[in-house]
Amino acid sequence: MMRTCGVLSDIIQSQGRLNSVALGGLLWLLVLLLALPTMAAEPLDWVHLPPLPDETGVAGPFAGTHNHVLLVGGGANFPDGMPWDGGEKRWHDAVYVLEPGAEAWQTGFKLPRPLAYGVSLSLDAGVVCIGGDDADTFHDDVFLLRYEEGTVTTTLLPSLPHPLAYSAGAVLDGRVYVAGGLRAPESEATEALDVFWMLDLTTSEPQWEALPTWPGPERFLAFAAALDGSVFVGGGVQLSETADARRTYLRDVYRYTPGAGWRQVADMPRPAAAAPTPAPTVGDAHFLVLGGDDGGLLGFQPPADHPGFTREILAYHATTDAWLTAGALPFETKVTVPAVYWQDAWTVPSGEVRPGVRAASVWAAHFSPLWRRARFGVLNWTVLSLYLGAMVVMAMFFAGRQRDTREFFLGSRSMPWWAVGLSIFATQLSAITFIAIPARSYGADWTYFLANMSIPLAAPFVIYCFLPYFRRQPIASAYEYLEQRFNVAVRFAGSAAYVLLQLGRIGVVLFIPSLTLATVTGMDVRVAIVLMSLLATAYTVLGGIRAVIWTDVIQAVVLIGGAVLCFIILLAGIPDGFAGLLRIGAEQDKFTTFLWDWDATLPVVWVVVLGNFTAQFVPYAADQTVVQRYLTTATTRQAAKSIWTNALLCIPISFLFFGVGTALYVYYRTHPDPQLIGLRNDAVFPLFIAGTLPPGIAGGVIAGVFAATMSSVDSAMNSIATVVTSDYRRLCSIPEERALRMARGLTAFLGLFAAASALLIASADVRYLWDQYVQLLGLFGGSLAGMFCLGIFTRRANSIGALVGGAASAVILFLVSAYTPLHFFLYSGIGIGSCIVVGYVASLPFPARK
């Protein structure tokens, strides 16, 4: 046993001796990654694909993707001459197939009949082709177009309630929606249709269902889009029996949300008919209207000289309900054509470029998330660099004091209570507060506000029920209490649970500001991740917990000051200032805080309050990251003051950050910005900082974002090193000097791990990072907090019961999260409660520990 301990100790100590090598390696990796990508001037980067084999091109084709190929079939054109020269319109049944990377289309495939001007939508099962017309009639056929083993096949689906063409359609959650259209040629129709039908392909026997229609004019040649859990229908043409005003071009738009119905949203800046549909979506909050016919050249003569349709691209932002112009098409606008998402690009295959004129060209648009030009500037970079450098210099100042683990882990129990309180605040709220809470109130409302109010509610319980047990003995790790109360096995189980929780969390916390820097400067997100991990590792290795706490104090000041400054500047940019913020926010229900219901699946008041009250016992009573702060003060009374400092700070700071999010919403609603296109909500606040604040000040506020992250990352690294080193010394007796080297080596290794995990997370699709963090906390932290509660609040529980209760709690939480719709705010309470109940019952057959 002693030989094994010696080998392990030598390995870990070698990490300490290689600190400089590890940091140097990070620097070299940073240099290798620091080639910044070229910025694009527009959000869409258009490229040519091989043109259709039909050199004339077609309008109204069916198009989609299946099994990684692009399918285009049917359509109509004038192959023998233009209509004004007597050319006859012809419908087609040919289907063309384009494989990824191919230079030409495959031919020889056919539709069941010549067909055009229907709706085509791509699903995993194939391309759903709906309705359409031919030279003789309109059709109600619906079929699935598939490509398998080099062959194109069709499978019939339930027919439409009646024939339909020139409609719009979209797919939402496996359900096909069709809106508007005509049931007879325009020359014969007296009016367009306001039908809104749904085909649920998630059921075994799907049938078309007629849904309530939008509260506006009937229309055909409209567009549809599926975005943010809703179907949008807008634009198009309304028919009239008046001979001199047969067509009315529309610009109104409506949003249908299943379960909530229709509501009208902001009108387009101009009419748009026959634009590519379904409208391309970009990110989680935008869809685009690619040109379209605005009706301005209706009846143009002579038709041969028609200049084509508008090339203007309109972008709709679902979060702020605002429209803006997003550049122009680099080619002649195509109408009466589907838009297909294929190979990470929105493809427009063929289409009509002028009345009667088709184009065989195929264009594909890749969205470039780095199209936003870097505006950070030399002064901002200088301020940010000076701030980050100052953190490392401070750590070097404290490095000379690190002579034993008591100083490295506990700061020799001599830290002032107010500094410890600010450190707890910076550690627990930090980056989650600075970015994700404003993102939440920007994208939704204030229903999560009460979650933060549970922190001061829980503070008295932590101070009077938990704190005395941690301060009673000279411990460094919170989980040493579990050994004193139960046995060493429970201690190691608690330590393992904590370490796993922190290892899972540290990558998310590091990723948030790295995404921020990438957004506002154009730097590769990987570079930002490596930079953050390098700096946090450097000053934590050098200065220990003393450096961590004092840098946290500075970072808390920068964090709060930056948020206050941003709020003031936001108010200055909002019409009517604070009054305008209140008025527009109230009109859009952005201040909704209290949801009164008994539904445990929604963030109603009792779920938010009760769930988060119990959740606070995870970080404040069972998390080494916070408990370690309690142990750095000289007395229990000072530790209690530090807890109150953090708890009381949470009240005004929560108002501040939720207010910043709402102010961002109002600001961008009244000042639409094309740079928001494709931007995730978590990056909107940083974009405002870099693009709106004065040079130098922006650098300081962005430094606050980095401050937020480093305060969490450094705390996690130091706390994990404390737990692992303390547990190792429990098994193997090693000298103090070797233990200190081991702690520093572990810290350096954790810096490398944090960078690696954040790099993996960088590609994850996470809409609200705060939600993800709370879910992680609830699922894996509840059982750990339950073990502490079991030991503190019961006398009969023993070690077997604690282990059984902790394991059962983890299983119960997994089952609850996987098989029930309960809101994740309740997870921590369920985890704690199940651990206490099961642990107590499991203890009864065994003797109580004296």
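This is a predicted model: local features need pLDDT of at least 70, side-chain atom pairs count only at pLDDT 80 or more; totals for chains, interfaces and linings use all residues.
Good morning. I begin with F470, which counts as buried because its relative accessibility is 1%; buried means under 20% relative accessible area, exposed over 50% and partly exposed in between, with a 1.4 Å probe and protein chains only. Residues are numbered from 1 along each chain as its sequence is written, and side-chain values use heavy atoms, with hydrogens and water left out.

Let me turn to the aromatic pairs. Rings of Phe, Tyr and Trp (its six-membered ring) pair if their centres lie within 6.5 Å; planes under 30 degrees apart count as stacked, over 60 as edge-to-face and the rest as tilted. By this rule, there are 43 aromatic pairs. One of them, F287 with Y316, is tilted, at 5.2 Å centre to centre and 35° between the planes. Because F287 belongs to strand β23 (residues 286-290) and Y316 to strand β24 (residues 312-317), this pair ties together parts that are 29 residues apart in sequence. Here helices (H or I, at least four residues) and strands (E, at least two) are DSSP runs, numbered from the N terminus. F287 is buried at 0% relative accessibility, and Y316 is buried at 1%.

The rings of F470 and Y481 have centres 6.5 Å apart and planes at 75°, so this pair is edge-to-face. F470 lies in helix α7 (residues 449-471) and Y481 in helix α8 (residues 480-485), so the pair ties together parts 11 residues apart in sequence. Y481 counts as buried, at 5% relative accessibility.

K334 lies over the face of F331, 5.8 Å from the ring centre. K590 is placed over the face of Y665, at 4.3 Å from the ring centre.

I turn now to N718, in helix α17 (residues 697-731). Is N718 buried or exposed? It is buried, with a relative accessible area of 0%. Leaving aside neighbours within four places in sequence, N718 is in contact (heavy atoms within 4.5 Å) with F408, F409, T540, G544, I545, V548 and Q628.

Finally, the cysteines. The structure holds zero disulfides, a disulfide being a pair of cysteine sulfur atoms within 2.5 Å. C129 is buried at 0% relative accessibility, and C566 is buried at 0%.

Definitions and conventions
A charge sits over a ring if NZ of Lys or CZ of Arg is within 6 Å of the ring centre and within 35 degrees of the ring normal.
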